[in-house]
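User: Hey, I've got a structure here that I've never seen before. Can you walk me through it?

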Amino acid sequence: MGTHDRVETSRTLCECGRGQFAFYSCEAERGLYVDNPIEKWFEMHIFCKTCADKFQRYKPIVFSLDEEPDHWKIIIPYSDRVPIH
Ligand SMILES: [Zn+2]
């Protein structure tokens, strides 16, 4: 197992306005893959049950992070952008 970094890049109101979307940029070191040891991806965290249901195709998973309340997390293809749903 390598190290794992998650940095919040932006945050916006969710679509229904009762919660929030938070965007994260993530990196992990994968010691096993010598040619490409740093893996990068983007996440959107959804602090709203109504809006989480709109992203079923991204298979939201329940997640908790530091002081934040439990919420839903999806992997997205671009940083800071709500994916098509
Ligand atoms: Zn919402």
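This is a predicted model: local features need pLDDT of at least 70, side-chain atom pairs count only at pLDDT 80 or more; totals for chains, interfaces and linings use all residues.

User: Good to know. What about C16, on that scale?

Analyst: C16 is partly exposed, because its relative accessibility is 30%.

User: And what do those cysteines hold on to? Which atoms coordinate the zinc ion?

Analyst: The zinc ion is coordinated by the SG atoms of C14, C16, C48 and C51, at 2.3 to 2.4 Å. Along the chain, the spacing of these donors reads C-x1-C-x31-C-x2-C.

User: What geometry does the zinc site have?

Analyst: Tetrahedral, with angles of 101 to 116 degrees among the four donor atoms. For reference, the ideal angle for four tetrahedral donors is 109.5 degrees.

User: OK, zooming out. How many helices and strands does the protein chain have?

Analyst: One helix and five strands. In sequence order the pattern is β-β-β-α-β-β. The C-alpha atoms fill a box of roughly 45 × 30 × 20 Å along the principal axes.

User: How much of the chain is buried?

Analyst: Of its 85 residues, 31% count as buried. As for contacts between residues at least 6 apart in sequence, 45% of them join residues at least 24 apart.

User: Let's do the strands. How do β1 and β2 run?

Analyst: Strand β1 (residues 4-13) and strand β2 (residues 20-29) run antiparallel, with nine bridges joining them. One example is R6, whose bridge partner in β2 is C26. The hairpin has six residues between the two strands, and there G17 takes a positive phi near 85 degrees.

User: And what does β3 pair with?

Analyst: β3 pairs with β2 in the antiparallel sense, over nine bridges. Within that pairing, E29 has I38 as its bridge partner in β3. β3 is also joined to strand β5 (residues 71-76), again antiparallel, by five bridges. There, I46 stands opposite W72 in β5.

User: I noticed a histidine in there, H45. Where does H45 sit?

Analyst: H45 is in strand β3, which covers residues 38-46. Its relative accessibility is 0%, so H45 counts as buried.

User: Which side chains does H45 make polar contacts with?

Analyst: The H45 side chain makes a polar contact with the side chain of E43 at 2.8 Å. There is another one with the side chain of H71, at 2.8 Å.

User: What else does H45 touch?

Analyst: Leaving out residues up to four places away in sequence, the residues H45 touches include R6, Q20, F21, Y24, F63 and W72.

User: Tell me about the other histidine. Is H71 buried or exposed?

Analyst: Buried, because its relative accessible area is 1%. H71 lies in strand β5. Not counting residues up to four places away in sequence, H71 touches H45, I46, F47, I61, V62, F63, S64 and L65.

User: Changing topic: how many aromatic pairs are there?

Analyst: The count comes to two aromatic pairs. F21 and F55 make an edge-to-face pair, with 5.9 Å centre to centre and 90 degrees between the planes. That pair links distant parts of the chain, since F21 is in strand β2 while F55 is in the loop between α1 (49-52) and β4 (61-63), 34 residues apart.

User: Nice. Where would you tie the topics together?

Analyst: I'd look at F21: F21 belongs to that ring cluster, and F21 is also among the residues that H45 touches. H45, in turn, makes its side-chain polar contact with H71, and H71 lies in β5.

Terms used. Residues are numbered from 1 along each chain as its sequence is written. Side-chain values use heavy atoms; hydrogens and water are left out. Helices (H or I, at least four residues) and strands (E, at least two) are DSSP runs, numbered from the N terminus. Buried means under 20% relative accessible area, exposed over 50%, partly exposed in between (1.4 Å probe, protein chains only). A polar contact is a pair of N or O atoms within 3.5 Å; within protein, one must be able to donate a hydrogen and the other to accept it, and residues adjacent in sequence count only if both atoms are side-chain atoms. Contact means heavy atoms within 4.5 Å. Donors are N, O and S atoms within 2.8 Å of the metal (3.2 Å for Na, K and Ca); water is not among the atoms, so sites may look incomplete. Four donors count as tetrahedral if all angles lie between 85 and 135 degrees; four count as square planar and six as octahedral if opposite donors are over 155 degrees apart and all others between 65 and 115; anything else is irregular. Two strands pair if DSSP finds at least two bridges between them. Rings of Phe, Tyr and Trp (its six-membered ring) pair if their centres lie within 6.5 Å; planes under 30 degrees apart count as stacked, over 60 as edge-to-face and the rest as tilted.
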